Each structure stands twice: as C-alpha cells, then as structure tokens.
Amino acid sequence: MFIFIARRLLFALALLFAVSAFTYVIFAALPSDPAALTCGKNCRPEVIAVNRVRLGYDKPIVVQYGQYLKGIFKGRSYGASEGVHCPAPSLGYSFRKHQCVTDLITRSLPVTASVALGAFVLWMLIGVGLGTMAALKRGRWPDRLATGFSVVGISLPTFFVGLLAIMVFVIWTGFLPFPRYEGITSNPAKWFMSLVLPWFTLAIVSASSYVRLTRNGILEVMNEEFVRLGLAKGLHRRTLIVKYVMRAALLPIVTIAGLDFAALLGGAVITESVFNLPGMGKLSIMAVNDSDLPILVATTLVAAVFIVIANAFVDILYGFLDPRVRSY
Amino acid sequence: MKSTKAIIGALLVGAFFVSACGSSGSGGSGSGESSGGRSGTDEGIKDGGTLFILDHSTGATNLDPQRIYTGADLGFLGSTITRTLTSYTPVAGKAGTQLLADLATDTGTPSDDVKTWSFTLRDGVTFEDGAAIVCADIRYGVSRTFAHEMTGDEGPLYATTMLAVEGEYPGPYTATADQQAAYEKAVECSEDGKTITFHLKNPVADFNYTVALLAFAPVPKAADTADKYTLKPVASGPFMIKSYEEGKELVMVRNPNWSADSDPIRKPHVDEIHWQFGLDESVIDERMIADAGDDQATIVYGGIQPENLQTVFDDAKFADRRTDGFDGFVSYTMINIKKVPCLEVRQAFWLALNREALRTAGGGPFTGEFADSFINPLLATDYTPGTVTEGLNADGTPNVEAAQAKMDAAKTACPDVYKHATEEGLRFDHGQSELWAKLISIWIDSLGAVGIKIIDNAIEPSKYYATINKDPGDLMRAGWAADWNNASTVVPELFTKEGGFNYSQNWEDAAYPAFSDKVNLAKAEVDRAKQAKMWQELNQYVLDQAWAVPGSFTKSQNLVGSRVRNAYQWLPFGWYNVGAIGLAE
C-alpha cells in the first residue's frame, strides 16, 4: 500500500509540474504583451522595453519559467530601487493590480472556498436526496417531480438562475439585500446572507445531474442479485437500502463529487461574477479582461493543483476501498 | 459611455471639459445638455450617511495621483482625496470651469514671459496624518511623473515636456545627485517651504490650469510606495481611504485632519463613500431603476445600458434622476500622411464613409452626434463649427458621387496613392472588440463603393497604442478629450510632432511647417480670446488638410438614486462632483 501511495503522489507531482510548464508556455505564447500591460496610454516603446527587462519577459521562455519556479520557493523581486518584492511562495506580480499575485490568491481563495463548501453541501443534499426519493418511488409522482427538477436544472444556465434569483429575491421583493461578501470571521451573519443566493444558485444547477446519477445508480444496484437475496432472506427494506444499496450506489457519485468540488475550488466563475463575489473565478475573469498574464497563470495553476490533489486523493481512497486497483 | 469607448478601441483619455452648450440636438437623447432634475440640486440635503457608487469595472483605474488621466477619476479623487495647487469652481454649468486657488493662495503668478510660474501655499493645509503640506511634497509628487517605468506613463506627461530640466531626469527613484539637483533647479522651493516655482522650457500661458491636474499633486516622500502607492495614496482632501480591495470595494471615510477653513472648494456632506466594483451592468441598471434601499443613495460609474435607455428616457418618473450629456470626447480617424499623401483620397474617404450606419450599429443617437471639429463644443471658448469637406452629408450618409469625383481627381493628381488605396488597400488599425467585428463590414462596404480597399487590422486592445506607435497603419481609430478648458490640450497634442498622440505623421506634409509655427504662437498667446481664434483656425486647417477625420462628439447617460442630491455634472471632468454629493432624508 505504501508503494501504491508513493507512486500516486509522485505521479501527482509530475502532473503538477507538467501542468505548470504547459500553462506557463500557453500563456506566454498568447498575443498579449505582458510588458505592454505595464504601460499606459502614452505607451512609448522604450518604456515597454525597459519594463520587459524589469519583469524578465526579455528572457527565453525556459529561463522565464525557471525564474517563475524559483520565485515559488525563494520569492522574487522586480525592478531596482523603486522595485517590489514578492516573498515566497511568489506566483508573480500583477502590474495591473499593483499587488503580488499570491496575496490576491490568498484573499480570493477563502471566498471561493465559502461558496464551494456551502453549495457543495446543498447540492449533495438536494441531488442525492431527490435522486434517492426518485429511485425509491420509481414511476410515481415524486419520481416525476425529481426528474422534472433535474431536466429544468440542467437546462438552465447558471447566469440565468443567478440573475433570476437576484431579480426575484433582491430587486423585486427586497427579501434579501444585494449580496456583498463579508469574511466569516469579521461578520458571520453577513457572510451567511451574502452567500445564500450563490449557494442555492450553484446547488440548483449542479444538483440536477446528481439527481439523475443517484437515481440511476440506486436503481441499478437494486437490480443486483445480492439485493434480491437480502430481501428474500427477510432483511428490513430500510436497512437494506441504507446499509447496502446506498453504499454501493453512491461510491461512484462520491468520486465525481470530489472532483467537482475540487474544480469548484478553482473558481465558480459565473456564479462569482453574477453575485460579485471576489473569489478565484472573479479574479480569473478580471485577469482575462485585463489580459493580466501573471494572475491568469496563477489561477489556472491553483485550479489545476486542486484537481490533481483531488484526483490523487480519490485514487488513494479507491486503493483502500478496492485493493484490486493497487496493482495498477 | 463605455460602449462608445469600446468602439474607438482604446480611447486616449484626458480630463473633460463639459459645458452646457450642447450642439444642436438630434435623436432620442434630446439636446445633449446634462440634466438631472432634483438630483442636481441641494434640495433637502441632510449631512451624514453613506454614498454608494456602483461600477462594472474591476477596480479604480488608478488612485495614484501621478498615474491618473481619465476625467471621471480626476474629478472623483480631486473632489475627495487629493488636492492640487489650483482646481475648479464647484458648481454646475459653465461657471464650473472657472479656475480657483486650492492648496495655493491664488491661481499663480507668471513671469519671464510666462516661462516661470510661482504658487504660494496656504496656511493650515495638511495630509491625513496631520503633517503640513509643504513645497517639497509637491515637488516630490511632480518628480514621480518622470519615473516612466514605474508610472507606465499612465498619467499626463506635461511635467516632463514643459519643465526646464537640464539633461535626463529619470525620476526620484533612480536619479543621481546631479540629476536630482537639475530637477530641483527647474522646480524650486523657497526657503520657508511655502512657495513653489516652476521654470518652463517654453512659454505656457495656461500653466496654472496644468497644475490643476493630479499629476501636480503633493506626495509625501516617506509614504511613497512606488508602484503600490496607488493602493493607498495619502489624502489631503476631506476624505481618506479606509480600505481598498480591487474587485470588491473602495471605502472612503472623512479625513479628520482636513479643515474646511483651508479649503475653499470642497464642501462634503456624506460621512462615507463606498465604491463597489465588478457588478454586472444589467444588474446595476435594474437596481437603479428599482431604486430600493441603499440604491436610493447610489450613483453609477458608467452609463445606462443601451437596452434600457428608452425605458429611462421615455418615462417621466425618472426625470428627477436621469442625466444625459456629452462626455467631452471626440472620436476620430487619423490618416497616415506618409502613406496617404493625397488630399483627394483623404477627402474621398471622408465623403464615402457611412457614418450613420456606424452610429446605428454602435447604439444610435444616444452614442453621440456627428462631429465637425476635433475641438469639442463643450470647450465653448475654443469651439466653432468647422467647415467640413464639401459635399459631406450632414445626416452621416455617404455621398458616393462626391467621393467618386475626388477619387477620379486623385487618379491623375496622385496616381501612386490612388493605386495604393484601390489595389493594395489601406490598412485600418482599430482595437479588437465584438462591436468592431460588426462595424468593419460597414467600413469595407461603404469605402468599397468608391474603390477604396480596406485591410482590416484589429489589434489586441492592450497592444493598440504600442502597435500604432511602432508601426502605424494607413488609417487609425482613436478618441480624445481636452485636459483642461483650452484647446491647447487638443490641437498640439493631436497634430504636432511634439504632441503625445499624433499618429498622422503630418510633419511629412508640406503644409505642416506653417501649421506648427502657428501652434507655437497660439500656445504662448496670453490673450484668451485671441488664442481661441487661433485654435479655431488651426482646427480648420486640419480639417482642410484632412490629416484626420472627426467621427462623433460622444455622449453618456446616467441614473442616480432618489435620495441623491447635488449630483451635477462638473464640467471640467465630465462627471459628478462626487465629493459634494449629499443625501436627502
């Protein structure tokens, strides 16, 4: 088992390295000139040239990438006497936002984590709950209600649900104030209020597919021979469903949910934009609009890190749950 | 209006001077004069409360005084945080363009044939920490403009072009002792630290307007954090920054060390200003239309979305809350004289371009009115309707017949240029955007009707000016607004070789030397009426030579919350005097 875990972790590290290199090269190859972004309307070529050197964009791409990696472990300085320093782990400096990218990420991540965590809990409760109800009441009105919800939820784009929620609950009825994010430590009540609508928006959209997955998973397992055997042997239906059917049916769902949650930590781009939440997704969108390459590279990398970690975690978890996979 | 600015690609932005003398109205937005009903008055103001600003942008363009160049930002920061030696009268209408002493005791004393200007500081002016503002703070602030790598030349560069600094001066961060001494010789401080004297290379009759720009604002050296200063500039005005988080919010509170006794310009009413960023534009509009809760105490940075303009302007219930006015910009197309040295082809281009179709595609009459000058009508002293090329249709539709006649004349007068325009094609540089993807077909079709071939060159916006600086096309799209109430910030900037934004290379034209000489005379002219006449003639000269073709006098529309008062258009900046806004109960 130790070798299996070590192998998976090494693979995850290699994957992260590859992702970081690939991401850096992709963004470096974009037509936007990061040095030009430090320059204003007057934009004289000589100022751009000086700033290109100052930022290290005059170096070959391999050297740039090397400096970037070095900055992660040792920190990095830009410019001479009037320059700025970003301590380790430095993910670069944004001359658009005049801040170290790591500081921006550190500030955005708790917002995204707040959105992701609440929405994840909600969508799992709604998705798995409705899916289970639909499977157990197959062909009856609860089933039709749940599958109907699923179809509607899948069909509605996130931005539409979000804007509709704002219109209905904020603007038309005034039931809720317009969401303005507050940190959980500074004001827990405001933190909660600012996230209610984003949570439900994400939950409605994301839960829909989980209704389907759960329903189909449970129905499939209920057709297995061991279920019929359990019933034939007089096992209580509720015990059978909770203890055996759900356990078997939800295993693949938990795997998918883990990856979905990790992806969400990279930024719920649309939800954060609609509700003006200053999280990773919003940061990414701002970076795209501003062609702010250091932030784009960093947010992409951070998102990739979450995915890779989640993937490694799931792999290792599977190794525990099903010893047969350890040989792969 | 933002969408209009997007059409231009990447507007060059100066401070605006927006006077109430709108040009003849046409289209749905009325006369083009700014109005705001009750919200523009001080009726029922009760001191206190929080003013909210909603903004689609991700953050303030800049808060560093030496890096600010957009009119709205200059007005916002100038009325709240940052004071300058001179500023403008805080009233609506043309009276608002009247220069007043701010940190200085008067509007400056010129000498040496207006090549030297002195200003004496008031008693009792302080920064937010209570430290007295002295000459050295202003001198240090101005010196930061020279640190091009740090500022990215984002702010106006008048200090670098006007001040008589001997030799190269790289700014305060990297200057040698000799370089710093040379700078301090050009910007002198008296022994008591109360008087600052600027020595200029050339006569500048309106230099006291120049120092009203925030680029001439004081910065305490000890608090300068270079690139990061923009996150927390030190306040000298009635408000100071409490917190700023890009993408979220800028919170300003009252500056306890600001004294109304030492400030004749700012009369704040609210306790706090919360500028909220990153909001969806459609949500902003819906909130402003609904006018509920805190939104009643809210103004918007940016305009009303095109799809909501009819709703707001057709319904009388918004009369007290809506404004509509020119934003001070003129959009235009610069023609590269080096590549198109043929007047007939340039005039044919102007006559054939379907300006009405372009305006309709961009949003219709709300976006602006067809321009007949590079000087905006809002520069009332300097503007006079220009005489456009003969045959140009006033309704913006193309005059194909007249354009074809010009092209026929060009065939014999300048066959090489004719061939270049009709066979090789004219490269048209513009910023890349979704709207331009639609507009370009109108350019190609309308100019193709007279045989002019257009080669579309959409440039990634962040590289636009760097690209056309290095490799200008045949035609280039741009926009401009005056930096202060004088066309000295328009004509020389756009059409002289020394100007910061001249892409026409018109100095290659035989007609240029006479033009350049007259510009220099106009810059030094101290008789304002005489100077205005000279700018009008020079503007007409450019129109006659068709070195550039004016597009539109652009407009913007806004809606404020029902409790907002004193939200008048402050003409020097084309936006509200935010620091003076109050709230009714």
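Q: What makes a residue count as buried, partly exposed or exposed?
A: A residue is called buried if 20 or more other C-beta atoms lie within 10 Å of its own, exposed if 12 or fewer do, and partly exposed in between, with the C-beta atoms placed from the backbone. The structure here is a predicted model, in which local features need pLDDT of at least 70 and side-chain atom pairs count only at pLDDT 80 or more, while totals for chains, interfaces and linings use all residues. Residues are numbered from 1 along each chain as its sequence is written, and chains are lettered from A and ligands numbered from 1 in the order in which they are written.

Q: Which residues of α8(B) are buried, and what covers them?
A: In α8(B), the buried residues are B:Val283, B:Ile284, B:Asp285, B:Arg287 and B:Met288. Their cover includes α6 (158-172) of chain A, and from chain B it includes β1 (50-55), β11 (298-301), α9 (306-314) and β17 (548-559). These names follow DSSP runs, numbered from the N terminus, where a helix (H or I) has at least four residues and a strand (E) at least two. Just after α8(B), B:Asp291 has a positive phi of about 55°.

Q: Why is B:Ala478 called buried?
A: B:Ala478, which belongs to strand β16 (residues 475-480) of chain B, has 25 other C-beta atoms within 10 Å, and is therefore buried.

Q: Why do B:Asp153 and B:Ala546 count as buried?
A: B:Asp153, in the loop between α4 and α5 (158-162) of chain B, has 24 other C-beta atoms within 10 Å and so counts as buried. B:Ala546, in the loop between α18 (528-545) and β17 of chain B, has 22 C-beta neighbours inside 10 Å and is therefore buried as well. Neither is a glycine, yet phi is positive in B:Asp153, at about 50°, and in B:Ala546, where phi is near 50°.

Q: Why is chain B described as being as compact as a globular protein of its length?
A: Chain B has 18 helices and 21 strands. Its radius of gyration is 24 Å, close to the 25 Å that the globule rule gives for 585 residues, so chain B is as compact as a globular protein of that length. The radius is taken over C-alpha atoms, and the rule is 2.2 Å times the number of residues to the power 0.38. Buried residues make up 58% of the 585 residues in chain B.

Q: Why are α4(A) and α5(A) called oblique to each other?
A: The axes of helix α4 (residues 101-136) and helix α5 (residues 141-155) of chain A come within 7 Å and cross at roughly 140°. Angles under 35 degrees count as roughly parallel, over 145 as roughly antiparallel, 65 to 115 as roughly perpendicular and the rest as oblique, and α4(A) and α5(A) are therefore oblique. Such axes are lines fitted to C-alpha atoms, for helices over the stretch in contact, with angles running from 0 to 180 degrees between N-to-C directions.

Q: Which residues make the contact between α4(A) and α5(A)?
A: From α4(A) come A:Leu130, A:Gly131, A:Met133 and A:Ala134, and from α5(A) come A:Pro142, A:Asp143, A:Ala146, A:Thr147 and A:Phe149. Two residues are in contact if their C-beta atoms, placed from the backbone, lie within 7 Å.
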